[in-house]
Amino acid sequence: MMNYRTVLRVALGALLLTLVLGTPAFITLVPANSAFAAPALKSGEKLAKEQVFTYRVLDDIKSFDPQLNSSVEGANILRDLFEGLMNEDPTGKLVPGAATGFTLSADKLIYTFKLRDAKWSNGETVKAKDFVYAWRRLANPKTASEYAWYMELMGVKNANEVVKGKVPPEQLGVRAVDDKTFEVTLKSALPYFASMTVHSSTFPVLQSVIEKHGKKWTRPGNMVGNGAYVLTDYRSGEKVVRVRNKHYWDNANTTIDKTVALIINDESQALTRYLAGELDKSDVPGGQYPRLSKKYPKQTLRFPRSCSYIYWFNMGKKGPKALKDVRVRKALSYAVNRKIIVERILQGGQYESYNFAHQKTAGFKLPKVGYATWSQKERDAKARALLKEAGYGPGNPLKLTLSYNTSEDHKKIAIAVAQFWKKTLGVKLTLANNEWKIHTTNQKNGDFEISRYAWCGDYNEASTYLDLLTSYSGHNVSGFSSPEYDKLLAQSKKLKDPNPNYIKAEAILADVMPFAPVYQYTGVIMLNPTVRGWPVNNLMQTWYSREMYKVAK
Amino acid sequence: MLTFIIKRLVIAIPTILVLIIVSFLLMHAAPGGPFTTDRAIPPEVLANLEAKYGLDQPLYKLLGIYLKNVVLHFDFGPSFVYKDRTVNEVLAQSFPITLTYGAIAFALAVIVGVSLGLAAAIRHNSFWDYLAVGISIGAQVLPNFVMAPILVLVFTLWLGWLPGGGWEYSDPKFIIMPVIALATSFMASIARITRSSMLEVLSANHIRTARAKGLPLRRIITHHALKPAMLPVISYLGPTFVAMITGSVVIDLFFSTGGMGLFFVNAALNRDYSVMMGITIMVGILTILFNLLADILYAWIDPKIRY
């Protein structure tokens, strides 16, 4: 069994690779009905009697409706309650989900997904029309989903027109060829389209249930899903409980019987409750990794996480004059001692950052950005020289304001950076702390000089980062605009290997410095050592309860 | 008395209206809105969202519609952030929880606080006085955001007696720590007010007369001192009760009770206009009602007060 699965995995990987590289015209991907995700017990392990997994979430869940959810914590739960066309395995590789595989047309515009024999939690069969209904629902202006843009991002034909209300949702580029065949037509080729169907906003929903219960369809008891679990209890501000769905197609290979999410706002409180045995998984509070990993070496886990922390420089219309000078921007970026930030402040194995895309992104080769290879001493010397050249010095000190949103960690980093800049460059930096909504509003309106920002990848591909800096991106608040950069990114969508373009794009960023990269994230968690199957190697931290199990002590 | 109550209730109506209008305008004046995120939502998506929640209309119209729904149907509308729920549902779920632990904490704070204060006053400058004052000062300097983590550390992690958070109406284990954490500082205030007020009353002329008559101390206290001594306590209790039953952010945050306090703060941070309005109006109405109740009690206790 194990071998069979491994073979399949390898085969799938190879096929996917061929697909991305785009050789043959019509490829059938995966044989039907294979149990991919079932956890495999290692030799010498014995399953624990009680298979309950309890973990901490920071905030209350805002919605259990796949098309209305907009949070990562919500998506983690939705992946248990529903199943999309494709799933990710613990290493982040794409594996079949509700679809057994897909074929791609010669012009790379039409994806045809074959659905497996699967049932909804009320016993009805999962049909292609359920996907059609869900995808139209996501784009429909009446649904008013915050994630309607995801359908546009996927490049589904007419998505933009449907969201704008120019054409009816029925004209979205999706259709049910028959009960088991779901077809998507794209506006233009997108090599990583299939991996985007892992996202919870594309999960199928049952029209009859939504029409029967209206807004209340997501309540425990009303909700019908096609995932491995069903929602049995939800207490707002307290907990979310889901238990095994006996109708799930791979229920036989699922081990965890019940997953409980406890909503605990305060992270040290969560840690105390973890240590008291109330939780199987919790987060390591900022700066506590060294202490906790020493005391509980078997329970602390650390892994790369797809987010990148930067300081935007406002080089646009509303920005200060000084920041329009590339020498000033470079000097400021060079003078940030990232090693101290990572090793002394964050202390969770985060990566010093000299570029934008997370260095562990699949297929992304970390570019050798010039100043990354220098020592901090060299960077500081260069920074001093540049700032002097730009006309700033003791007689004419540079005065700037750095804004960040309320958080202990952001504050600590900002204070450290103010020190670096003061000591190395004599910059008089004012720190401005704002509540989240004000911070983001200012950023969007260009009302800032230097502003903290972090981007977390939507999918495991470098363009999720680099697209942000295109001149047409709504996220690009720095005022940076480079036709060459835009061209590189537009071109990359059609390339077999987009990586050279990404490297060139990163080189432009290092050259123009519209922001100072600060660090790239790691996830640091406490995990009960009896829990197996947490996907540490999945950069996106896409996890499924059914992939985990608990062993006896 | 009855005319007084009716008069107060009539005045309450414009008060609440002003409260609604002012908080509505203030909230919409705050920068950012419910759909402001660090993700750049395309304009067409934002337009759809605003159309769905009516935010594309001018503010005065929005206020008009809101007032109509609230006054005529007692409908606070859908939550802007909790997409599957209405404000009425949020309140229906969270208020009973807060009311339960708040009312128990209130009872505890009053009983312990008043007893401590009385004991201290009656045995003025004795060991009992110092003990009571010591306890109440100790409780005062331990605010609930310090109390809560200490309680969890001791009773959940070290002793393992109580669950570190969560809520079950049927299981008192979940209620103990929130109640203690919430009650302590209020209890301390009540004890101090009671003590000083009782001391003042005990040195009053009518008490001296009672002592001179040779009445036993117990009778002096129960018949002559207690009632007047309670007046300042009662004026403190009205707003305190409202503060306690409408929830404490700290309690909800540390004990994951699912109460109303955390919703209030999150609604403000998330710019969840409707939830925030709903809770504001509810707290406003309760405050007015309990102040009125305190005034009625006042008149009942103190014959000098006539409305």
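These legends describe close-up views of a predicted model with chains A and B.

Local features need pLDDT of at least 70 and side-chain atom pairs count only at pLDDT 80 or more, while totals for chains, interfaces and linings use all residues. Residues are numbered from 1 along each chain as its sequence is written, chains are lettered from A in the order in which they are written, and side-chain values use heavy atoms, with hydrogens and water left out.

**View 1. Chain A as a whole.** Chain A carries 16 helices and 19 strands. Helices (H or I, at least four residues) and strands (E, at least two) are DSSP runs, numbered from the N terminus. The C-alpha atoms fill a box of roughly 75 × 55 × 45 Å along the principal axes. The radius of gyration of chain A is 24 Å, in agreement with the value near 24 Å for a compact globule of 553 residues. That radius is taken over C-alpha atoms, and the globule rule is 2.2 Å times the number of residues to the power 0.38. Of the 553 residues, 59% are buried. Buried means under 20% relative accessible area (1.4 Å probe, protein chains only).

**View 2. The interface between chains A and B.** Here 54 residues of chain A are in contact with 48 residues of chain B. Contact means heavy atoms within 4.5 Å. The two chains bury about 4300 Å² between them, with 51% from carbon and sulfur atoms. On the chain A side, A:Lys62, A:Glu146 and A:Lys437 lose the most area to chain B, together 16% of what that side buries. Buried area is the accessible area (1.4 Å probe) that two parts lose on being put together, summed over both.

**View 3. Helix H2 of chain A under cover.** Helix H2 spans residues 72–81 and is mostly covered. Of its 10 residues, 8 are buried. Among them are A:Ile77, A:Leu78 and A:Leu81, along with the charged-type residues A:Arg79 and A:Asp80. The cover includes strands S1 (52–57), S8 (229–235), S9 (239–244) and S10 (258–263) of chain A.

**View 4. A:Ala144, a loop residue with positive phi.** A:Ala144 lies in the loop between helix H3 (128–139) and helix H4 (148–153) of chain A. Its phi is near 50°, a positive value in a residue other than glycine. A:Ala144 counts as buried because its relative accessibility is 4%.

**View 5. B:Phe74, a loop residue of chain B.** B:Phe74 sits between helix H3 (59–73) and helix H4 (87–122) of chain B. Its phi is positive, about 50°, although B:Phe74 is not a glycine.

Terms used. Buried means under 20% relative accessible area, exposed over 50%, partly exposed in between (1.4 Å probe, protein chains only).
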